[in-house]
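Student: Hey, can you walk me through this one? I've only just opened it.

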Amino acid sequence: MARPRTPRAKAAVEASDKKNPQRFKGRAEPKANGPLGAPPKWIADTDTSKAKSAWQLFQKELPWLNLSHRTLVGMAANIQGRIMAGQEVGVQAMNLLRQMLGQMGATPADATKITVADDEEDEDDLLD
């Protein structure tokens, strides 16, 4: 079975792109259309949900997320925000959150499938 692909940004952080540059040569990865940005106004922290805090946590922990991921992050932030506020969430909500985290590359197995924009300036920032 083939080895899982390491995202280019992760390889830059680990310097494995320098050790094995042939693995990344000519790899076409999609360009990001902008950073994830601040949470939309409809996402707020309340007594029953810490969705805004969850959004900021996702933004910090998953730096490869970009503008095209905002809807998915909003949905995940709403569920995670309820958990962070101590609310009971059902099995269906927990399963949906797990699926969304996988789609965002936030699980160990799915992180290897993430592709990050091929922007040389961003790569240099990751190495500093």
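Predicted model: local features only at pLDDT ≥ 70, side-chain atom pairs only at ≥ 80, totals over all residues.

Student: Which residues in H3 and H4 meet?

Tutor: On the H3 side you have Ala51, Ser53, Ala54, Trp55 and Phe58. They meet Arg70, Val73, Gly74, Ala76, Ala77, Asn78, Gln80, Gly81 and Met84 in H4. Sorted by class, that contact of H3 with H4 holds eight nonpolar, five polar and one charged residues.

Student: Okay, and how does H4 pack with helix H5?

Tutor: H5 covers residues 91–103, and H4 packs with H5 at an angle of about 135°, with the axes 10 Å apart. That angle makes H4 oblique to H5. Here H4 passes H5 in a left-handed crossing.

Student: Which residues make the contact there?

Tutor: H4 brings Leu72, Met75, Ala76, Ile79, Gln80, Arg82 and Ile83. From H5 come Ala93, Met94, Leu96, Leu97, Met100 and Gln103. In the contact of H4 with H5, the residues divide into ten nonpolar, two polar and one charged.

Student: Let's pick on Gln80. Is it buried or exposed?

Tutor: Gln80, which sits in helix H4, has 17% relative accessibility, so it counts as buried. The cut-off for buried is under 20%.

Student: What does Gln80 touch?

Tutor: Setting aside residues up to four places away in sequence, Gln80 touches Ala54, Phe58 and Leu97. Ala54 and Phe58 are among the H3 residues that meet H4, and Leu97 is one of the H5 residues in the contact with H4.

Student: And Met75, buried, exposed or partly exposed?

Tutor: Met75 is in helix H4 too. Its relative accessibility is 42%, so Met75 counts as partly exposed.

Student: How far apart are Met75 and Ile43?

Tutor: In sequence, Met75 and Ile43 are 32 residues apart. In space, they are 9.7 Å apart, going C-alpha to C-alpha.

Student: Switching topic: where is Asp47?

Tutor: Asp47 is in the loop between helix H2 (16–19) and H3. With a relative accessible area of 70%, Asp47 is exposed, because anything over 50% gets that label.

Student: Which residues is Asp47 in contact with?

Tutor: If you leave out its neighbours within four places in sequence, Asp47 is in contact with Ala85 and Gln87. Asp47 and Gly86 are 9.3 Å apart, C-alpha to C-alpha, and 39 residues apart in sequence.

Student: Now zoom out for me. How many helices and strands does the protein chain have?

Tutor: Seven helices and zero strands. From the N terminus on, the elements run α-α-α-α-α-α-α.

Student: How much of the protein chain is buried?

Tutor: The protein chain has 128 residues, and buried residues make up 35% of them. Its accessible surface comes to about 8500 Å², and 53% of that belongs to carbon and sulfur atoms.

Student: What about contacts between residues at least 24 apart?

Tutor: Take the contacts in the protein chain between residues at least 6 apart in sequence: 58% of them join residues at least 24 apart.

Notes:
Residues numbered from 1 in each chain as written. Heavy atoms only, no water. Contact = heavy atoms within 4.5 Å. Helix = DSSP H or I, 4+ residues; strand = E, 2+ residues; numbered from the N terminus. Nonpolar A, V, L, I, M, F, W, Y, C, P; charged D, E, K, R; others polar. Buried < 20%, exposed > 50% of the residue type's maximum accessible area, 1.4 Å probe, protein only. Areas by Shrake-Rupley, 256 points an atom, 1.4 Å probe, with all protein chains shown as cover. Axes fitted to C-alpha atoms, helices over the stretch in contact; angles between N-to-C directions. Parallel < 35°, antiparallel > 145°, perpendicular 65-115°, else oblique. Left-handed = near helix turned anticlockwise from the far one by under 90°.
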